[in-house]
Amino acid sequence: MTREVSRREVLKRAALAGAISAAPGQVFAQRADEPYTNLSAAEARTLEAIVARLIPSDARSPGALEAGAARYIDRALGDALAPSRSAYTAGLAALDAHARGAAGKPFAELGAERQDALLRDLEQNVAKNFTPSASAFFELVLEHTLEGTFSDPHYGGNRDFIGWELLGYPGLRLAVLADEQRMDAKNPLVRLSAYDLPMFEKNADGHDDDHHGR
Amino acid sequence: MAVRLPRTEVVVIGLGGAGGVAVEPLTAAGRSVIALEAGTRLAPKDFAPDELRNNFRGWPQAAQKANREIPVHRASAQSPDDPRAAIHPMMNGVGGTTLHYWAQSWRLSPWDFRVVSETKRRYGAKRVPAGSTVEDWPFGLEELEPYYDKVEYALGVSGQAGNVNGVIDPRGNIFEGPRARSYPMPPLRGTEFTDLMGAAARRLGWHPFPGPAAINSQVYQNRSQCMYHGYCSRGGCHVSAKSSTAVSTIPRAEASGKLEIVTSAHVTRIYVDDDGRAGGVHYVKDGETYIQPAGVVLLACYTYENTRLLLLSDSARFPHGLANNHGQVGKHYMSHNQAATVNALFPHKLNRWYGLPAQGVGVDEWADDNFDHNELDFIGGGNLWVYSDQRPIAAASMPTFGRAPRWGAEWKAFVAENADRWTTSYLQKTTLPYAENYLDLHPSVKDPLGDRVCRVTADHKDNERRIASFIQDKMEQWFREAGAVATMRGQIGTMGVTTHAYGGTRMGDDPATNVVDRYGFAHEVPNLGVLGASVMGTSGARNPTLTAQALAWRTAEHLAANWSRIAG
């Protein structure tokens with residue numbers, strides 16, 4: 001069950017938590033019906049199927065697909081994860097080939113149990129025709145799926161704070177009191193991106209301020 | 001065509017943890033200093049609490065000079081190179097890595113200065129491990145104590161003293177060497193979890209204590225106290241409570257009017273004059289090459305770059321690299337074997353979501369020579385440290401203690417229950433220098449300017465492996481006493497690129513085995529000083545920064561007091 005968090009509710013919670021009131025910006029901007037920007041439609045379908053098995057949705061809570069982990073990876077392949085773009089091209093194609101060889105269908109069209117078995121083939125490095133290896137591709141996707149599910153929503157994943165809800169992370173607090181560090185503390189949830197706070201700059205990397213050429 | 005700049009009295013290469021300290025006593029003594037810093041200036045707006053950026057994408061160093069010259073590691077001279085690290089662990093910037101470090105600010109123990117003589121005295125000469133090049137420091141803790149004191153107060157360090165002038169205070173570390181006075185601030189507050197760990201340690205008969213941190217526990221020098229927000233590790237401080245040199249010593253040096261800072265300056269060579277003295281440096285900024293002559297050159301980069309820059313700066317007088325006519329540059333390399341840690345799973349929540357790595361509880365019972373090694377097969381030991389610090393991606397990446405797979409529905413249920421019920425520990429252990437562990441220039445891997453990068457040839461030896469196993473036993477015992485239901489030991493790993501790298505320009509009286517003298521000036525080049533942990537001859541079982549800073553302050557004071565003799 002996905003709990004919808006409205007923009008108004010985010011602001012209300014921020015006010016309750018004493019955080020700075022700010023527009024939530026791009027947090028929920030990318031919706032599921034928008035096209036992928038870096039992956040092809042076929043690649044995206046396969047990747048969505050993988051992340052949906054790595055962190056599956058179940059009766060208790062939504063998973064990586066609902067959190068937008070595949071969308072996160074797609075967007076990041078255009079910037080921070082660009083060096084991994086070719087690994088995805090090759091790895092996703094190799095996985096589909098492996099699925100066709102083992103089960104006669106592309107990965108995304110298989111049932112969950114079959115998909116899990118194929119992913120275990122990758123994890124245990126018994127699947128063939130991966131470069132450099134099936135396990136390396138598996139670890140790459142697992143790492144990026146964790147990033148896309150649990151990172152600050154600024155990067156397009158952790159949609160509706162699905163990841164932070166799953167872990168029980170209470171959220172960003174710029175000042176934390178001693179009682180809020182007690183082991184049984186019931187801290188009110190703060191559901192904000194760091195960049196909802198106007199004091200922080202995106203993509204900041206410092207500045208040169210010296211006047212050279214004396 | 002290089003631009004030749006007017007001569008200055010002192011040029012400092014690197015304005016980080018060590019160089020950033022040295023500029024304060026130098027400018028206070030009236031010396032004119034130009035600091036060449038490869039990075040830029042950063043401010044609180046740059047320090048977003050963003051785990052992905054800070055801890056996984058290596059901000060800001062991913063786009064920096066350091067990241068274009070990442071050293072290459074191999075285990076031995078016979079081993080192939082390991083795959084090169086993707087991110088350099090240290091950052092460039094005014095303040096350097098003190099902008100985003102953990103800020104644990106320990107003094108070394110008395111034993112660390114006297115490893116050879118103390119081992120011989122207590123256990124016999126045969127107990128110094130074969131192949132180790134360890135020497136006693138040229139002085140003991142008592143010589144460095146006044147400088148530890150100066151930097152603790154200049155920067156702002158919080159902590160609980162355990163030994164003031166020989167009077168033991170059991171609230172602090174009873175094993176620490178004598179100090180002249182208490183810390184300028186009380187320690188950072190503990191948490192219910194660190195209290196739980198402290199009580200368990202006391203039941204074992206140990207002496208837990210809050211560790212020292214260059215982080216304000218209360219308002220100090222008009223800077224805020226710590227806010228415990230949980231993004232301290234590899235994140236700058238949004239309220240400037242972290243006592244980086246960028247907010248403490250450097251601003252005071254700038255206010256003197258005697259410090260000029262040049263940012264984005266990539267120093268490529270130190271050059272020598274006809275008399276064999278250091279003449280100044282060459283650096284590149286915005287594609288232009290500059291020559292900066294100076295009376296004294298202070299080399300204050302990180303350990304790897306200190307060695308690399310000396311080796312790159314060869315000349316007719318120094319054909320194997322500057323100050324290397326005795327072949328000692330790059331030798332006596334060490335790094336802490338931090339990877340051999342212990343994780344623990346508890347049956348209840350710990351609430352480690354907030355806090356910082358320096359908010360913890362330490363045990364020194366098994367560090368250094370604080371325990372009898374007669375029946376053991378190693379010397380040295382480790383500090384045990386447990387702390388309150390966890391962020392979401394790292395929590396989701398938690399070990400599963402053999403109780404769940406690494407992904408899928410079962411994993412998800414496990415993590416949902418246990419993400420806040422586990423902890424790790426930080427175990428810093430003695431590392432000795434060995435002839436087989438050294439730094440040099442890589443034969444083929446180069447930076448974008450065409451200069452060869454540093455190569456690390458190093459591996460853990462038997463003494464270090466035995467310490468790791470022994471310390472992990474102790475940490476497991478501590479976690480179990482505190483109620484952990486499962487523990488898991490980490491592997492010892494490699495000696496690849498790390499935040500705790502020592503040696504390469506070791507300090508000592510004998511020029512045959514040391515690059516710099518007891519004051520930090522090169523035996524072969526008297527107006528070249530070296531700052532940083534690269535001068536340290538032993539690692540200790542604790543973070544190096546405060547010791548590097550105390551040594552830097554001492555070198556700077558020595559220079560100021562002996563100006564005409566050193567500057568010539």
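**A walk through a predicted two-chain complex**

Where chains A and B meet, 52 residues of chain B and 48 residues of chain A take part in the contact. On the chain B side, at least two residues each come from helix 2 (51-56), helix 6 (192-203), strand 7 (259-262), helix 9 (392-396) and helix 10 (408-418). Helix 10 of chain B gives the largest share of that side, with five residues. By residue class, the side of chain B that touches chain A holds 26 nonpolar, 14 polar and 12 charged residues.

Before going further, keep in mind that you are looking at a predicted model. How confident is the predictor? For the complex, the predictor gives an ipTM of 0.94 and a pTM of 0.94. Chain B has a mean pLDDT of 97, and 100% of its residues reach 70 or more.

Strand 2 (residues 8-13) of chain B has two parallel pairings to look at. With strand 10 (residues 288-299) of chain B, strand 2 of chain B pairs in the parallel sense over five bridges. To find this pairing on screen, select B:T8, whose bridge partner in strand 10 of chain B is B:A294. With strand 3 (residues 33-36) of chain B, strand 2 of chain B also pairs in the parallel sense, here over four bridges. What do strand 2 and strand 3 of chain B make together with helix 1 (residues 19-28) of chain B? The three elements make a right-handed β-α-β unit.

Another part of chain B worth a visit is an open sheet of three strands, arranged in the order 4-18-17 with mixed pairing. Strand 4 (72-74) and strand 17 (438-446) of chain B are the edge strands, each pairing on one side only. From one strand to the next, the twist averages 35°. Within this sheet, strand 4 of chain B and strand 18 (residues 452-457) of chain B pair in the parallel sense over three bridges, and B:V72 stands opposite B:R455 in strand 18 of chain B. Helix 8 (residues 303-312) of chain B packs on the sheet and touches strand 17 and strand 18 of chain B. The direction of helix 8 makes about 70° with that of strand 17 of chain B.

Helices also pack against one another in chain B. The axes of helix 5 (residues 141-156) and helix 12 (residues 545-561) of chain B come within 8 Å and cross at roughly 105°. Because of that angle, helix 5 of chain B is roughly perpendicular to helix 12 of chain B. From helix 5 of chain B, the residues that meet helix 12 are B:L144, B:Y147, B:Y148, B:K150 and B:V151. Their counterparts in helix 12 of chain B are B:L546, B:Q549, B:A550, B:W553 and B:R554. This contact divides into seven nonpolar residues, one polar and two charged.

Finally, let's move to chain A for a helix pair there. The axes of helix 2 (residues 41-54) and helix 6 (residues 112-123) of chain A come within 10 Å and cross at roughly 90°, so helix 2 of chain A is roughly perpendicular to helix 6 of chain A. Helix 2 of chain A brings A:A49, A:I50 and A:R53 to the contact, while helix 6 of chain A brings A:A112, A:Q115, A:D116 and A:L119. The residues of this contact divide into four nonpolar, one polar and two charged.

Note on methods
Residues are numbered from 1 along each chain as its sequence is written. Chains are lettered from A and ligands numbered from 1 in the order in which they are written. This is a predicted model: local features need pLDDT of at least 70, side-chain atom pairs count only at pLDDT 80 or more; totals for chains, interfaces and linings use all residues. Two residues are in contact if their C-beta atoms, placed from the backbone, lie within 7 Å. Ala, Val, Leu, Ile, Met, Phe, Trp, Tyr, Cys and Pro count as nonpolar, Asp, Glu, Lys and Arg as charged, and the others, Gly among them, as polar. Two strands pair if DSSP finds at least two bridges between them. A crossover is right-handed if, with the strands pointing away from the viewer, the path from the first strand over the helix to the second runs clockwise. pLDDT is the predictor's confidence in each residue, from 0 to 100. Axes are lines fitted to C-alpha atoms, for helices over the stretch in contact, and angles run from 0 to 180 degrees between N-to-C directions. Angles under 35 degrees count as roughly parallel, over 145 as roughly antiparallel, 65 to 115 as roughly perpendicular and the rest as oblique.
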